[in-house]
There are 2 protein chains.
Amino acid sequence: MNLSCPIEHHHGDTILQAHGGGGRLMAELIQSVFAEAFVGLGLQADADSAALDIAGPVAFTTDSFVVKPIFFPGGDIGRLAVFGTVNDLAMRGATPQAISLGLILEEGLPMAKLRRIIESIATAAREADVQIVTGDTKVVERGKCDGIYINTSGIGPLNHGSDIHPRSVRPGDALILSGDLGRHATAVMASREGIAFETNIESDLCSLAAPIAAVLASDVEVHCLRDLTRGGLASAANEIANSANCSLSLNAQAIPVTDAVRGASELLGLDPLYLANEGRFLAIVAPESADSAICELRNAGCEACLIGTVNESPRGIVTLTSELGATRVLDLLRGEQLPRIC
Amino acid sequence: MNLSCPIEHHHGDTILQAHGGGGRLMAELIQSVFAEAFVGLGLQADADSAALDIAGPVAFTTDSFVVKPIFFPGGDIGRLAVFGTVNDLAMRGATPQAISLGLILEEGLPMAKLRRIIESIATAAREADVQIVTGDTKVVERGKCDGIYINTSGIGPLNHGSDIHPRSVRPGDALILSGDLGRHATAVMASREGIAFETNIESDLCSLAAPIAAVLASDVEVHCLRDLTRGGLASAANEIANSANCSLSLNAQAIPVTDAVRGASELLGLDPLYLANEGRFLAIVAPESADSAICELRNAGCEACLIGTVNESPRGIVTLTSELGATRVLDLLRGEQLPRIC
């Protein structure tokens, strides 16, 4: 350490503009923080691009993460950034192989927070068995970011034969939900607003790669998979109904929501069907595969259940049948009920 | 348009939180702005991941862009985001095939600015012959971003046989620079600070895919390629010297810098060797390929020239010999001379 440099003594404590400048401090950051945490994860920091052995075809996806607060019950922005992209690959039937890591850091971000996030990213990548092969770090002035924003992009081989996509959805297909709804958004929001509910609600954030791999390895005929992030189940169902030009009919009684989430939602005027999840998905499978899909998912640790069916009409529309038997249209919201939850 | 909604009349003018919420406004934004601009570019907006036919192995890279101002002489953040990632793929000897587009937008960003940037992205992608297959949009509150930040990640087949990487660099290799230095950083900085130089300086921003493809298709024995972005030629040379465990000797007299950039740099106390470029690269080739490489690059429109050689020692060190024959070590800077230039 060069003690003659007047601001050198700061550089262990917080992020400086110079950490994003392509010079010595950036090299030190990459070496002492990233390379150290990512040992064994395949980081190729010494070239402009990483080289990967993949026999095509491949799935390719991207997601930016701006969640506030960056640490929340059940996770943090780093774990979210890894699993978010891993899950998007899994939803196409791909095996997550490698992700990139693009960081935008705010000047003044405590180095301890960055280290904690980077370690969380490394842990999540090991859990999901995905490599972190390439990255980029930019630093912006104070007040031009909110601590840290993360982009992850991911690629993985599409080694499953069938076309897992809304266009494969057919009337008669079964709608299977992988677990209870609304915990991620509720946990983040409660944490942000400093609201303590009687029951502590933790995010449902998790990697979906393993349960999806289990279903795809079985004889289940999977037509479409969709994780229920921004906009929740209602928005995902609407997008699929629209793309597939079918109708999705949901049975409200069959959709699991914990008492804690239901209570918090009622208190806050939110509808759990529109709340973001980060570890829940909808699997649309051939009718004869429904029981087998539920069984495979339960064996893989998901509390899967049948929540509805695909119908031919009304085309592009999602309907919800209530506990009392009344059926209504479940529309897209204008925006999201809560901002900055992912 | 639903006129009964009290804030609906805003939504044509500026970005709202709801544009990032996974609901109706986000769907409209994707359809009316992105899908329309990206016609023919392969956007797969209706699934969590895009599916691509690539015959492996592949190169994979990521870069975030936070340049300020977002429009500058010779380019804008959108064009920069496309060519920046295209160039990183080209530097590994890969053919740029597809990029992702991750947008972080500030609430209140004028829709006209966003449209201009998206159109610029589409134009740049067509020029570089790269597809935009997947994307993501997040919106953060006013004051939590600087208008727009963009991440692009890219993939492309590595169909060139040799290993283009610092580890392939050998003593005796020739250092070839593709053109004059310092225009991008100077143009951005002048634009940011409202400084008008006598000569108008434009960014050197351009796609390097075509000249690299020309060299790789020739009989030139290419060992390493590096684009000279953050930290400029001096930092890139240091990174390579360090990775390759060799010495790079540069001849100051041979390095082209325009009078306009030299004048602006002197005025501002900057060294052009450390200034960021967005359309310049260093090619390290076998000594017997030097003339042929220069010839190929000139035919492809680059003002390429020989600027030095690789030596065995002093290992990990870059030296610069001045016009007067004095030789000094050209070290890494601590950070960058100018922040937010890419």
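Mentor: Let us begin with B:D48, which is found in the loop between α1 (24-37) and β1 (50-52) of chain B; helices (H or I, at least four residues) and strands (E, at least two) are DSSP runs, numbered from the N terminus. The model is predicted, so local features need pLDDT of at least 70 and side-chain atom pairs count only at pLDDT 80 or more, while totals for chains, interfaces and linings use all residues. Residues are numbered from 1 along each chain as its sequence is written, chains are lettered from A and ligands numbered from 1 in the order in which they are written, and side-chain values use heavy atoms, with hydrogens and water left out.

Trainee: Why is B:D48 called buried?

Mentor: Buried means under 20% relative accessible area, exposed over 50%, and partly exposed in between (1.4 Å probe, protein chains only). B:D48 has a relative accessible area of 17%, and is therefore buried.

Trainee: Which residues is B:D48 in contact with, leaving aside its neighbours within four places in sequence?

Mentor: They are A:T61, A:D88, A:M91, A:L225, A:R226 and A:D227, where contact means heavy atoms within 4.5 Å.

Trainee: What makes α2(B) and α3(B) roughly parallel?

Mentor: The axes of α2 (residues 77-90) and α3 (residues 111-128) of chain B come within 7 Å and cross at roughly 30°. Axes are lines fitted to C-alpha atoms, for helices over the stretch in contact, and angles run from 0 to 180 degrees between N-to-C directions. Angles under 35 degrees count as roughly parallel, over 145 as roughly antiparallel, 65 to 115 as roughly perpendicular and the rest as oblique. The two helices are therefore roughly parallel to each other.

Trainee: How do you know that the buried residues of α8(A) are on the same side?

Mentor: The buried residues of this helix (residues 290-299) are A:A290, A:A293, A:I294 and A:L297. They cover an arc of only 100° around the axis, which puts them on the same side of α8(A); the arc is that of the directions from the helix axis to the C-beta atoms. On the other side of α8(A), A:D291 and A:N299 are exposed.

Trainee: What do the buried residues of α8(A) pack against?

Mentor: They pack against β8 (174-177), α5 (209-217), β11 (281-285) and β12 (305-311) of chain A. Just after α8(A), A:G301 takes a positive phi of about 95°.
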